[in-house]
Amino acid sequence: MLLSQKKIASFLLILLSFSCSEKENGSLEFANFHPIHPDDSEELIIQKAAHVVPTPRQLRWQELELTGFFHFGINTYTGKEWGDGKEDPALFNPTDLDVEQWVLTAKQGGIRQVILTAKHHDGFCLWPTATTTHSVESSPWKEGKGDVVKEVAEACEKHDMGFGVYLSPWDMNAPMYGTEEYNDFFVAQLTELLTQYGKVDEVWFDGANGEGPNGKKQEYDFDRWYSLIRELQPEAVIAIMGPDVRWVGTETGYGKETEWSVVPVNNLSQDQIAESSQKDVNIKPTWDKSDEVLGGRESLLEAKGLVWYPAETDVSIRPGWFFHESQNNQVKSVEKLLDIYFHSVGKNGVLLLNIPPDKSGRIHSTDSLNLVQWKSQIDKTFSENIAKSGKIHSSDGTDASNLIDGAQQTFWTPKDKSSIAELVLEFTEPKLFNVLNLQEYIQRGQRVEEFVLEVEQDGNWNEIVNGTTIGYKRLLKFPEVEAKKVRLRILSSRLNPQLSEIGLYYDEN
Ligand code: FUL
């Protein structure tokens, strides 16, 4: 599609969202994007925020919870984190490449989708591309006949693992970097990746935009790339410098305490979000990625629109993104990974955990051992929802039993559409627990702003833990407590809360 045609199409989409997102009777529809009009009242803006929902591709991605990165390439052989594009492709020579071991290790670690660095900033391509000779084709590996992207895509397909590609926009090797020609070159690379390897579930664009071999910087044609991805792989989420998934703002694996998937934007087209955070254009998100809270009430009031733009929390199992022998004794421990799990998946994010293959072409045994043990600890902790053995009562007498049925496809909401609610769990015997799991039914938006968990002790309700946002999943760990009666109070919500699950667990760690 020509750019002008695309602009017209997105303009029509905007008109459509203006006309069909609000019903005549004033009640709002659920939409991925709600525009805010200058005369909207504060109340209406909050109602709109409560009606912003994920697209099917965003929902599928959110439900994965655990995704993985494979950083592998020329840096694996030079010991660097960032190459300079001048590396000799002959350096790339895995002696024992076993991508099935990567995918199976990831799978045992609970990871459900992996992203391969098909090209990092150094420009070296892990597939035999027609666009450049700076690829595996010029390496001694399999006498230049190998294709890492193909092998990983096939292993993913075989083992029912989602497959994604990282194609770095920054390319320190491409001679035309910094000119319009580079955008065509990039489109050609993207087309190869999106047409030759079956289904692609995620396309990951990094934000780094440094100088190319000629000392020039590139103006990336994001609009063109996005429409190409939508055309060739309509179900793929476009992450980070993309409209579907947002970077949480750190590379520590720790998400924000208050994590809204609904964020304010000043653009009227979702496709411009990522672009505007990269370029100096007039239309900008009203926030910075590193802000402590994105999407709090006050920030919504200043926006031109509200969009579902959820957070991905990326971190490496090692200090570096690429494998370095010298870091073999710095692989994150099971305890550290568990803490990261609570602060990423447990803070309304999707964890993107990097496990970099080594020079031989295999995941190192320390990494795989820690990963697998981590997953078995998670499984152990969450194998049984203690809340299930109790009776649940809601403050308004409505049946809330679906909150402990283990099914996320059902939800409970107060009868009178109140924004506050109370739920009491009663057990016949005292129960010991130290973890709370809460989930909102995000298919109908994210709403809860404040909650508190209490237990009854000697006739008094005592606070155990409190929190702000819930979103897809909120996990909170606290010192163990024993009680026969447990109460969850939703103290503040944007319209009526819609919860899908309440869980109490005991974590031995
Ligand atoms: C960053 C890159 O510069 C790093 O090398 C790594 O790929 C990380 C995931 O994204 O911005």
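A crossing is left-handed if the near helix is turned anticlockwise from the far one by less than a right angle, and right-handed if clockwise. By that rule, α5 passes α6 in a right-handed crossing. This is a predicted model, in which local features need pLDDT of at least 70, side-chain atom pairs count only at pLDDT 80 or more, and totals for chains, interfaces and linings use all residues. Residues are numbered from 1 along each chain as its sequence is written, and side-chain values use heavy atoms, with hydrogens and water left out.

**Ligand site**

- The ligand is surrounded by F69, H71, W82, H120, H121, Y166, W204, D206, E251 and W321; a residue is near the ligand if one of its heavy atoms lies within 4 Å of it.
- This shell holds five nonpolar, three polar and two charged residues.
- Nonpolar covers Ala, Val, Leu, Ile, Met, Phe, Trp, Tyr, Cys and Pro, charged covers Asp, Glu, Lys and Arg, and the others, Gly among them, count as polar.

**Polar contacts and burial**

- D206 places a polar side-chain atom 2.5 Å from an oxygen atom of the ligand.
- For H121, a polar side-chain atom is 2.8 Å from a ligand oxygen.
- In H120, an N or O atom of the side chain sits 2.9 Å from an oxygen atom of the ligand.
- A polar contact here is a pair of N or O atoms within 3.5 Å.
- The protein buries 89% of the 290 Å² that the ligand exposes when taken alone (accessible areas by the Shrake-Rupley method with a 1.4 Å probe).

**Helix packing**

- Helices are DSSP runs (H or I, at least four residues), numbered from the N terminus.
- Axes are lines fitted to C-alpha atoms over the stretch in contact, and angles run from 0 to 180 degrees between N-to-C directions.
- Helix α5 (residues 99-108) and helix α6 (residues 148-158) have axes that come within 9 Å and cross at roughly 40°. That angle makes α5 oblique to α6.
- Angles under 35 degrees count as roughly parallel, over 145 as roughly antiparallel, 65 to 115 as roughly perpendicular and the rest as oblique.
- Helix α7 (residues 180-195) packs against helix α8 (residues 222-232) at about 20°, with axes 10 Å apart. So α7 is roughly parallel to α8. Their crossing is right-handed.
- Helix α11 (residues 334-344) and helix α12 (residues 365-381) cross at roughly 55°, and their axes come within 9 Å. α11 is therefore oblique to α12. This crossing is right-handed.

How values were computed: Polar contact = N/O pair within 3.5 Å; in protein donor to acceptor, adjacent residues only side chain to side chain. Helix = DSSP H or I, 4+ residues; strand = E, 2+ residues; numbered from the N terminus.
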